[in-house]
Amino acid sequence: MKTTAAITGVQGYLPDHILSNEDLSKIVDTSDEWITTRTGIKERRIMKDGASSDMGEHAVRGLLEKTGTSAEEIDLVIVATVTPDYPFPSTANVICDKVGMKNAWGYDLIAACSGFIYGLATGAQFIETGRYKKVIVVGVDKMSSIIDYQDRTTCVIFGDGCGAVMLEPDTEGFGLQDFMLHSDGSGRQYLLQKAGGSAKPASIETVEAREHYVHQEGKQVFKFAVTNMADVSAAIMDKNNLTSDDVDWLVPHQANLRIIDATANRMGLSKEKVMINIQKYGNTTAGTLPLCLWDYEKQLKKGDNIILSAFGGGFTWGAVYLKWAYN
Ligand code: ACO
């Protein structure tokens, strides 16, 4: 049987500090009622001290311990993030150094909220070709570092968090079965950080115009997200001849409960099959999907058919179909 890339462990990390809807209503003109009904979010975590690599370090150390792996055994680390420690070097390099993964190389991958599925699909290639035995894919974002806490349309949505998975070869048919990934750069105007890159380097003007924060035109993004996340999730089912009975779990990007519901409906899935933790963590961008797997890990069974699906800035979107590899 051909070699597939199986997830053999998952670990999350969340900072301790909780920012509730109640707390936010004291900072901006909003309410628990508005946030809950429009998004499903009740609270989110905020990292007070430290960077994305610190969350990554915690998650990866936990993952190594849990899977009984030494840091030296890791071949490659892919870090999906839009909040790297620095423009360069990569956060993957920093995490490798902090954890002592001396034999690994690594790189960062930017695909906003689709970062983790892009990373999963990419990391799997190195396993499927037989080149590597142990690849770690990290999804991490310290969104609080690029959120404007004067902008009520974005500050209520995002939180900080990290998840990491181990990918290893499998020859029994478990692991990653298929993926469908898309991007459409013409959507970049609706969801982006305007300044700080080569298009608009940092200046006094960009800081004064608050252009180093997330800019999102929520209504536009919502429209594209609902359609594309539902379409790609249904498409990967069709492509793999999966009925709604065959799918055990949907792992949807946690941006908005209404987008999650629309995707699940389109796939014909009942609520019990949908992983949801948006109420606790908000949108942690590249962190949402591995954090869902981590939260639901105990309920997963070997052989479960799982569809991960996401939509994010870029625009980027897609779905991954995998068979869970362990009990
Ligand atoms: N509290 C109270 N009122 C608010 C708040 C708030 N926090 N935010 C906005 N409002 C107001 C608006 O000002 C507007 O008022 P108006 O009608 O007087 O102008 C009203 O509420 C409705 O605003 P909308 O933007 O139309 O609200 P909507 O129902 O669309 O919800 C939201 C906004 C939650 C952002 C939604 O559009 C959404 O989820 N969009 C998609 C987000 C997404 O999927 N992003 C992609 C992933 S993120 C990434 O890749 C980094």
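In this predicted model, Arg 210 is found in the loop that runs between α7 (204-208) and β10 (214-216). Although Arg 210 is not a glycine, its phi is positive, at about 55 degrees. Most residues other than glycine have a negative phi, and most peptide bonds are trans.

**Cis peptide bonds**

- The peptide bond that leads from Phe 88 to Pro 89 is cis, and its omega is near 0 degrees.
- Pro 89 has its place in the loop between β4 (76-80) and α4 (91-99).
- Gly 314 and Phe 315 are likewise joined by a cis peptide bond, with an omega of about -10 degrees.
- Phe 315 lies in the loop between β12 and β13 (316-323).

- Asn 256 places a polar side-chain atom 2.7 Å from an oxygen atom of the ligand.
- For Arg 258, a polar side-chain atom lies 3.2 Å from an oxygen atom of the ligand.
- Gly 313 takes part through its backbone, with an N or O atom 2.8 Å from an oxygen atom of the ligand.
- On its own the ligand has 1,000 Å² of accessible area, and the protein covers 76% of this.

**The pocket and its shell**

- The ligand takes up the space of the second largest pocket.
- Two or more residues of the shell around the ligand come from each of the elements α2 (32-39), α6 (152-155), α8 (218-239), α9 (257-267) and β12 (305-312).
- Among these elements, α8 gives the largest share of the shell, with 5 residues.
- There are 29 residues around the ligand, and those that come nearest are Thr 30, Arg 38, Cys 113, Lys 219 and Asn 256.

How values were computed: Residues numbered from 1 in each chain as written. Predicted model: local features only at pLDDT ≥ 70, side-chain atom pairs only at ≥ 80, totals over all residues. Heavy atoms only, no water. Near = heavy atom within 4 Å. Polar contact = N/O pair within 3.5 Å; in protein donor to acceptor, adjacent residues only side chain to side chain. Areas by Shrake-Rupley, 256 points an atom, 1.4 Å probe, with all protein chains shown as cover. 1 Å grid on protein atoms, 1.4 Å probe; cavity = no way out; pocket = protein on both sides within 12 Å on 5 of 7 lines; lining within 4 Å. Sits in = over half its atoms within 2 Å of the grid points. Helix = DSSP H or I, 4+ residues; strand = E, 2+ residues; numbered from the N terminus.
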